[in-house]
Every structure is written in structure tokens, then in C-alpha cells.
Amino acid sequence: MTNQTVLRGKVYVLGDNIDTDQIISAEYLKVNPASPEGRVQLAALAMCGLPEGSAPFIDPATGVSAYDIIVAGKNFGCGSSREHAVVALGASGVKAVVAESFARIFFRNCVSTGQLMPVSLESGQHADGLKTGDTIEIDLEAHRISTADGALLTAPVGELANIVAAGGLFAYARQVGKM
């Protein structure tokens with residue numbers, strides 16, 4: 001297991017079916033996520049497609065998120081299979097996304113890029129009591145999220161924690177001598 005088995009931070013709470021257009025609008029796909037300048041630009045644009053009236057996700061003074069963890073419902077990251085969505089969230093300072101379920105490609109991009117730890121809630125668990133700005137603690141080894149009102153159970157992340165901590169699949173493969 002990774003040396004960072006506990007993630008703690010402020011949450012930004014979203015609902016079901018948050019798609020990649022809400023995370024980063026298609027018009028910004030021309031930004032190069034591999035360049036340092038592109039990462040800065042994508043960080044400032046993270047969650048730019050949320051409906052008007054949503055709580056601000058990016059702090060205009062710093063250009064990054066004031067939130068460390070996103071908490072969502074079902075089907076987080078649905079829509080286009082754009083790696084930009086995962087990179088934008090990671091570059092903005094988000095460490096993890098906790099959701100009831102993930103779109104398959106978004107989940108895979110989290111792991112492949114090493115940008116975000118995708119944490120699935122155990123079946124039947126809902127984060128209904130959390131509000132944007134609350135602080136939570138995710139214990140990856142104990143499969144538990146501690147909140148001010150109690151705890152939620154998560155699915156085990158297993159070796160995914162090591163892959164994300166290494167910086168993605170290729171970095172992990174190099175680290176363990178597979179490349």
C-alpha cells in the first residue's frame with residue numbers, strides 16, 4: 001500500500017451524472033495537458049462547465065481549487081473519454097474523487113495518469129449528509145471515510161493506490177521494474 005493511505009481535506013459536493021463537459025468544456029481540448037503552461041491553464045478551468053449559480057470551484061486569486069476532494073453520486077465522469085478532465089482536476093489541486101460509481105473511462109484515466117485517487121463508495125452508501133466545505137478523511141487501507149457525522153464505507157482500492165501514488169501506470173511500471 002502507498003505511503004499516503006490517508007487523504008484529508010475539504011470537499012466539493014456534486015450530484016449524479018457529472019460529465020466531462022462539466023469538468024472541462026470541449027472548447028478547451030486544444031490545451032496541451034502535457035505542458036506546464038497547459039496544466040496551469042487546465043487547473044484554472046476545472047469544473048468550468050458547472051451550471052451558473054454553482055459554488056465557485058476555482059479560487060480566482062490562486063487559480064486553483066480551494067477543495068481537495070470531490071464527492072459525487074452515480075456515474076461521475078460520464079461523457080467523452082477526455083484525459084483533460086482528469087488532468088484539470090489534478091492540476092487544480094484535487095487529490096481524490098469519491099463517488100457512488102464512476103464512468104469506466106474516467107476511472108481508468110484517473111489511474112493511468114496518476115492524477116486522482118478514484119474512491120468508490122460501498123454499495124448502498126450515500127454521502128447525502130456532506131456539504132461543500134466540509135472536511136473528510138479517507139483511510140484507503142481501512143476502506144473508510146470519516147465525516148463530522150460518522151463514517152462511510154468504501155470499496156477497497158488495492159494496488160490502485162500504489163499506481164496513483166507513483167504518478168500513473170507508466171511511472172508505476174518503471175518503479176516496480178516492469179519497464
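## Charges and model

Lys and Arg count as positive here and Asp and Glu as negative, while His and the chain ends are not counted. Each charge is placed at NZ of Lys, CZ of Arg, CG of Asp or CD of Glu. On that basis, the chain has 13 positive and 18 negative charges, and their mean positions lie 6 Å apart.

Please keep in mind that this is a predicted model: local features need pLDDT of at least 70, side-chain atom pairs count only at pLDDT 80 or more, and totals for chains, interfaces and linings use all residues. Residues are numbered from 1 along each chain as its sequence is written, and side-chain values use heavy atoms, with hydrogens and water left out.

## Overall build

The chain has 6 helices and 9 strands; these are DSSP runs numbered from the N terminus, with helices (H or I) of at least four residues and strands (E) of at least two. Its radius of gyration is 15 Å, close to the 16 Å that the globule rule gives for 179 residues, so the chain is as compact as a globular protein of that length. That radius is taken over C-alpha atoms, and the rule is 2.2 Å times the number of residues to the power 0.38.

Of the 179 residues, 44% count as buried (under 20% relative accessible area with a 1.4 Å probe, protein chains only; exposed is over 50%, and partly exposed lies in between). Among contacts (heavy atoms within 4.5 Å) with a separation of 6 or more, 69% join residues 24 or more positions apart.

## Helix 2

Helix 2 covers residues 36-45, and its buried residues are Gly38, Leu42, Ala43 and Leu45. Seen down the helix axis, these fall within an arc of 165 degrees, so they line one face of helix 2; the arc is that of the directions from the axis to the C-beta atoms. Pro36, Glu37 and Val40 are exposed on the other side.

The buried residues of helix 2 pack against helix 1 (20-23), strand 2 (58-59) and helix 3 (83-91). After helix 2 comes Met47, with a positive phi near 65 degrees.

Gly93 follows helix 3 and has a positive phi, near 110 degrees.

Gly79 sits in the loop between strand 4 (69-71) and helix 3. Gly79 is exposed, with a relative accessible area of 63%.
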